[in-house]
Amino acid sequence: MSWTRKILRVNLSKGSCTSEPLNMEWAKQYLGQRGLASKYLSEEIDPKCDALGPDNKLIMATGPLTGTMASTAGRYSVICKSPLTGAIACSNSGGFLGAELKFAGWDMIIFEGKSEKPVYLLVQDDKVELRDASHLWGKTVWETDDILHQTHQDPQLRVACVGRTAENGCLYAAIVNDKHRAAGRSGVGTVMASKNLKAVAVRGTQGVGNLEDAKTFMAAVDAGKGVLAENAVTGQGLPAYGTQVLMNVINGVGALPARNMRDVGFEGAENISAEAMAEPRASDGKPNLTTNAGCFSCTIACGRISTVDKTHFSVKDKPQYHGASGGLEYEAAWALGADTGIDDLDALTYVNFLCNEDGFDPITYGATVAAAMEMFEEGVITTKETGGIELKFGNTEAFVAVTEALVANEGFGPDLALGSKRLCEKYGRPELSMTVKGQEFPAYDPRGIQGMGLTYATSNRGACHLRSYTVSSEVLGLPIKTEMGDAEGKPELVKAFQDVTALVDSAGLCIFTTFAWGMDNIAPQIDAACEGDWSVEGCMEAGERIWNMERMFNTAAGFTGKDDNLPPRLMKEAIKSGPTEGQVSRLDEMLPQYYQIRGWTEDGTVTKETQQRLSL
């Protein structure tokens, strides 16, 4: 529907909700969602503000294609300053809430200040009000969603909310919508809870409109859907196996980290893979994977819906976990599994259910437990700190126990709620935190895949695969094949992926479309929907502008080029065995060239010339 040209500003301190016109000058420069909301945040807050104080703002934003018939056009993002990293945060989610917000007539919601008591926001088209949420405080995501649906008696109501971990101050709490879709990383849920905002419930009935050229748009959309259907990844692999199709692939090429990235290659990978999820269990003859699922307007449907074996120790006496719910995606399966040395598929699925039910990032959580396990095995942490739990790599029962402690905010739980950076600093072993800018790595070892090392180091939100997924090129050969172990050419590759991703995230589309789509597929859809110049060149310039704006926010927040680094383990400790044996990250070779290509100074500062060229 392109832009609705309206934003909703909610002042939680005053209890007011006001409509404002969208800044169309900014929209034509930053498009929407990630880019446009980051522009609003950059203009409205001090980057040095306390991320959990009332001066931070939380923005829920859609893109101009959100809610349209474009494939995967159900995305929205949450933008704020991160309490986990201190950098700019932009966490993207699918499901149905983004489209519903658009149907209600809003491009974005800006939350500012802090409510005196718990509240939730009810949006019913133009009717908007803050309501008391005291009865919801202390409830899980699942309970909150059910109560709001019971209260408002509308099955098409869409709910985004936080769980108990956010209320308790866990620094990597998520905002969960539709019960198992999440704006999952960087602690955006912690910021939401810090404002005493429990939930946002949205119902929209205004439909789709405001397309610049509807006929041309539909032609471009239909062509794009054809490309997705014919592609092996988006038309076959992801629908059948989801992102978990990568588990055996990445393990096979020698880039699957294990045990806090101490090892590369996990002997239990097959047991927690997509293929294992589809295999019938001996106990009841049913597979872990119940079905796949798609978000709004998605023709890929990579989502997993799973069930746990009812006789498994983790759920045996807990019937609330016997039903089907959001299953393991690749990143979660890696962080909860390979990184902790655990290959019990049912246990990992149960822990993933807890991540959804109480709203916390499984990547940061799994990596934090992995760091704790390494410190436990070294004697830095003992059963005195863990409450008697033998927190060793591969101990499934211990892993389940500390997860339940985190949710209950008891025992070792509050320590784990810090994230690995602060946890390792607390116990005097900061080098064991596998993070960049305070955010934990995802499931690709940067020693094995060189482009991902540069991706992690330069990511504006801390370690992240979704800011520049060079795995697509280095492993899958899409759109061109580059060699995993080569450093040459990777600065150019990373910059290109970063700029394209910034643009896609700002359009309201899912980044998984780029396994099949190039900018020549994406730009025509945006150009037909939106006024302004959205040619391939115009789109790429907007993506570059967004990336540099985020960099400038972080510079103002106190980050420098020294923060574009990797932990010593990945720079000095070579991979011990397998196809990538002997490799370390060659970040030192790639980073100076990357800065030069970006038009930054030798210490990573955006130059005045680059600012002027991009109209920053």
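Which residue in β10 is the bridge partner of Cys 161? Keep that in mind while selecting; the model on screen is a predicted one.

**Stop 1: the sheet.** Select the strands in the order β8-β7-β12-β9-β10-β11. These 6 strands form an open sheet with mixed pairing. Its edges are β8, residues 127-132, and β11, residues 181-183, and each of these pairs on one side only. Look along the sheet: on average, neighbouring strands are turned by 20° against each other, with direction ignored.

**Stop 2: β9 and β10.** Now select residues 158-161 for β9 and residues 175-177 for β10. The two strands run antiparallel and are joined by 2 bridges. Show Cys 161 and Val 176: in β10, Val 176 is the bridge partner of Cys 161.

**Stop 3**

**Stop 4: helix α20.** Move to residues 490-507. Buried here means under 20% relative accessible area. Of the 18 residues of α20, 15 are buried, so the helix is largely enclosed by the rest of the structure. Select Gly 508, which follows α20: its phi is positive, near 100°.

**Stop 5: helix α22.** Finish with residues 536-557. The 22 residues of α22 should span 32 Å at 1.5 Å a residue, which agrees with the 32 Å between its end C-alpha atoms. After α22 comes Gly 558, with a positive phi near 115°.

Technical notes. Residues are numbered from 1 along each chain as its sequence is written. This is a predicted model: local features need pLDDT of at least 70, side-chain atom pairs count only at pLDDT 80 or more; totals for chains, interfaces and linings use all residues. Side-chain values use heavy atoms; hydrogens and water are left out. Two strands pair if DSSP finds at least two bridges between them. Helices (H or I, at least four residues) and strands (E, at least two) are DSSP runs, numbered from the N terminus. Axes are lines fitted to C-alpha atoms, for helices over the stretch in contact, and angles run from 0 to 180 degrees between N-to-C directions. The expected span of a helix is 1.5 Å times one less than its number of residues. Buried means under 20% relative accessible area, exposed over 50%, partly exposed in between (1.4 Å probe, protein chains only).
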